[in-house]
Amino acid sequence: MTMVSDTATAGTPAAHPAFEALRSESIESLGLTIEEYRHRRTGAMHYHLAADNPENVFLVAFRTVPMDSTGVAHILEHTALCGSERYPVRDPFFMMIRRSLNTFMNAFTSSDWTAYPFASQNEKDFYNLMDVYLDAAFFARLDELDFAQEGHRIEFTEPADASSALVYKGVVYNEMKGAMSSPVSTLWHTLCEHLYPTSTYHYNSGGDPECIPDLRYEELKAFYRSHYHPSNAIFMTFGSLPASRHQERMEERALKRFERLDHGITVTDERRYTAPQTAQASYALEEEDTADQTHIVMGWLLGHSIELDALLKAHLLTGILLDNGASPLRHALETSTLGTAPSPLCGLEDANREMVFVCGIEGSNAEHADAVEKLVLDTLERAAREGVPQEVTEAALHQLELHRREITGDGYPYGLQLILSTLPTAIHHGDPIAALHLDAALEKLREDVKDPAFVPGLIRELLLDNPHRVRLTLEPDATLARERDAAEAKRLEKIKAALDGQQKQHVIELAQRLQERQQRHDDPDILPKVSLDDVPTDVPIASGEATRFGKKHQLTYFAQGTNGLVYQQLIAELPQLEDRLLDQLPHYTRSLTEIGCGGNDYLATQIRQDRVSGSISAYTSMRGRIDDVQQVGAHFILSGKALTGKHTEFSALMRDTFETVRFDELPRLRELIAQERARMEQSVTGQGHSLAMSAAASGISPASALSHRLRGLEGIRAIKHLDDQLGDEHALAAFAGDLREIHQRVQSAPRQYLLVGEEHRREQLCNELAATWAASNATTGKFSSFHRDAVNMQTKQMWITSTQVNFCARVYPTVPLEHADAPVLEVLGPFLRNGYLHRTIREQGGAYGGGAGHDGDIAAFRFYSYRDPRLTETLADFDRAIDWLLQGGHSPRQLEEAILGVIGNIDKPGSPAGEAKSAFHNTLYGRTPEQRRNYRARVLDVSINDLLRAAATWLKPERASQAVITSAATLERLGELGMEIQRL
């Protein structure tokens, strides 16, 4: 292996000899240096974001431009991870998840690229993962059985009986059936079909379930050969490890075996319309009443996303028109009687080669299409004619600057988020460095907007005078789902009728071979690994310092590297609420920062929010005690963030929101409930497994009961009922009165404050907060703390909604965090997933996901499946997983892998602000740093005997609750299965 130096001359990044260093630029506002390299032999590009951050990130991406909707790129993404030349095991990706301390592992298929990213804080682990990812990307085996498992296949319903009916199976096939059950997904893909009539975006890169069975294995291999080549690849890395070390590995493990391709893969510009277009389509909705459920949207094709000037102008215009309720276009859509809420597609799509601006409405009817179009165009024409208030433009610019500076990382790792933000630019042969180095471009934009004609000119140029526009009307169809099922059954009957005896035997043998392969246990030691010896002895936990100001105010300050931002929270004890008010609690927190305050209406308040803050929101948290989940602690939190230069103004906004909010804007409250109803209804197909687990756990503890009641399936049903009621003005006034009463009780509660900012700004920020809040009255009068009665009941529910797939959950009551068995049950979750559930539910059953885990906050052990074609078989697999465990014969390796998974999750870092807020709120509920470190140590001490004992003790069938989300057709076919039927 060639040895390289990690040092270089000043101003020149260090490179491996196989790479040419092109340039390097420091971006002070992001605290990193971005380095650009090109592989000499193949032309592969490598962008390294050098940063003082131990969470190192790797990504390799390929330009993938399918020209059909068979899902070839998506199925290839799955199949490439099913074994490679150096690692000839059938499931190296999921096996490495178990053998790693990764903080992120995944693969993505976008509309025109496929990417394989991972992140780790452990250097040994990082290069282990790089070896596996490089081999999977460039030397995948692409076994035909893996194509059948991950993509699609036909099987007899009784696999060995050729007289039984045929069915389609496949992980991606079922994943996309679930994805396309979402009306919003259908809306977006249908809009793209018409906005992009000739390019790759015309097609569903994930795969249309009606087209996926058309993909042949030979086509998959041909797509791999033409697309997965270094000349078509982009490498991106982030973190403290030097680029030269990465390049050494990339060269030795993969790149030295390739030569440069003489052709490149690009997405061509779309053929432009000379006049606006209209289109109509339908989506499946299994409800008798389909009124007021039509989506009407308008989409414009804009300029190139790689042109920085065009990109920032499009973002600025989108912010001006749609950012908040005071933005002219969003205001028109929110207040219109033509629908219930702005479309969830409203905004800018900037990842494609040519950007798309979308606006529209949902909860409408098809006959309103012309009126919606007129409303949008009239609003744009008025804004272009009269101009936009300068404060609205300044607020939109402020948002661009703030979100660019913020160090995130509470979802995806921060480095990965930076990489993904620049990847589309690299994919389309643009300049990723310019995409990150925005200071000069933002300053130019700030000068441009001083011209009163600038924004009106943008409205005309990008929208009003742009003929490449499509109006799409997407109507609900109550019979479409059954028609699709019938068409699929007819197609399969036709296939079966054409099969001769030999072909039928081939179908049977394929199923047998696949089952044998799925049951095979490959040697895991073929793969690299970390062990428990590589686990750090301690986990860093942010610490804060508590002080007091005024007579009774407590302030806790966490000094963190926030890159010029400050985060502020007001935390109040939640008061006791009777059931009538409790049901309105989520609507209270949702509405609080969306209505007027400080003597201003909500329009002026929304502009003020965007001008001085990055965000402001309210929410409640409820958690069981660490030693008794039947005892619940609960708090109200008002939370926000701002640039430190605006902290005084932001503090005043926080105070006014809490002290002078107004609940008399009844039409606005009505709009907010309609919007929230739409959002919650759309959450089912994407969050069905979480909703099913919440329903199944609703009888276990007060916190789990409230989660289901307020934010789960019961909450979705409740908001539909509330929204229907609020058409009556008396009901609306009573609703506003309930919100006002909740707020008055919250205002009287004991409270404290949290600040997260940089160390050198500590004194300034604390003084600014104290000056704003010192005169505020804390507790007034008698206060009654929130409490709930103990909950202990079994639940068996079947929830019926519009879906092509199922979501299954089974839950067992267990123990709180401080119990000796809590860490044991925590390890049991990945132990069951790794050893049994992944194979039976995903590989054999075809579900997109499935697993198990313990939640000590509610004392529940939960099994689940996600986008699952099966129902009764999956519920049986939950039982069989326990039987498999109790039969014994398990190895120390399996235990170590499960423990590594738990430790990796415990040690996963967040953003600087997220780490501070997590530490504060954990301590608030008794999860002190000492308690958390002790729990982590107990996880490391779990034994196989502990697992067997805890499972036998707590996972008893007679104690189980369950909930499933399924369709009316499944209910008709299977019956109630001993469950209570609930309809959304």
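Biologist: Which residues does His227 touch, not counting those up to four places away in sequence?
Modeller: This is a predicted model: local features need pLDDT of at least 70, side-chain atom pairs count only at pLDDT 80 or more, and totals for chains, interfaces and linings use all residues. Residues are numbered from 1 along each chain as its sequence is written, and side-chain values use heavy atoms, without hydrogens and water. By contact (heavy atoms within 4.5 Å), the residues that His227 touches are Phe62, Arg63, Thr64, Val65, Asn232 and Ile265.

Biologist: Is His227 buried or exposed?
Modeller: His227 sits in helix α7, residues 217-227 (a helix is a DSSP run of H or I, at least four residues, numbered from the N terminus). Its relative accessible area is 8%. Buried means under 20%, exposed over 50%, partly exposed in between (1.4 Å probe, protein chains only). So His227 is buried.

Biologist: With which side chain does the side chain of His227 make a polar contact?
Modeller: A polar contact is a donor and acceptor pair of N or O atoms within 3.5 Å; for residues adjacent in sequence, both must be side-chain atoms. The pair here lies at 2.8 Å. The partner is Ser226.

Biologist: How many disulfides does the rule give?
Modeller: A disulfide needs two cysteine sulfur atoms within 2.5 Å. The sulfur of buried Cys346 is 5.9 Å from the closest one, in Cys359, so it is too far for a bond. Partly exposed Cys211 has its closest cysteine sulfur 15 Å away, in Cys192, also too far. The count is zero.

Biologist: What is the volume of the largest cavity?
Modeller: A cavity is a set of points on a 1 Å grid over the protein atoms alone where a 1.4 Å probe fits but cannot get out. Points join across faces, edges and corners, and volume is the space filled by probe spheres set on them. The search finds two cavities of 30 Å³ or more. The largest has about 70 Å³.

Biologist: How many charged residues are in the lining of the largest cavity?
Modeller: Lining residues have an atom within 4 Å of a point; among them here are Arg90, Asp91 and Glu843. Helices α4, α18 and α29 each supply at least two. Asp, Glu, Lys and Arg count as charged. Their number is seven.

Biologist: Which element gives the largest share of the lining of the second largest cavity?
Modeller: This cavity has a volume of about 50 Å³. Its lining includes Gly319, Val392 and Ile607. Two elements give two or more residues, α21 (602-612) and α12 (390-405). The largest share, three residues, comes from α12.

Methods
On a 1 Å grid over the protein atoms alone, a cavity is a set of points where a 1.4 Å probe fits but cannot get out, and a pocket is an open set with protein on both sides within 12 Å along at least five of seven lines; lining residues have an atom within 4 Å of a point.
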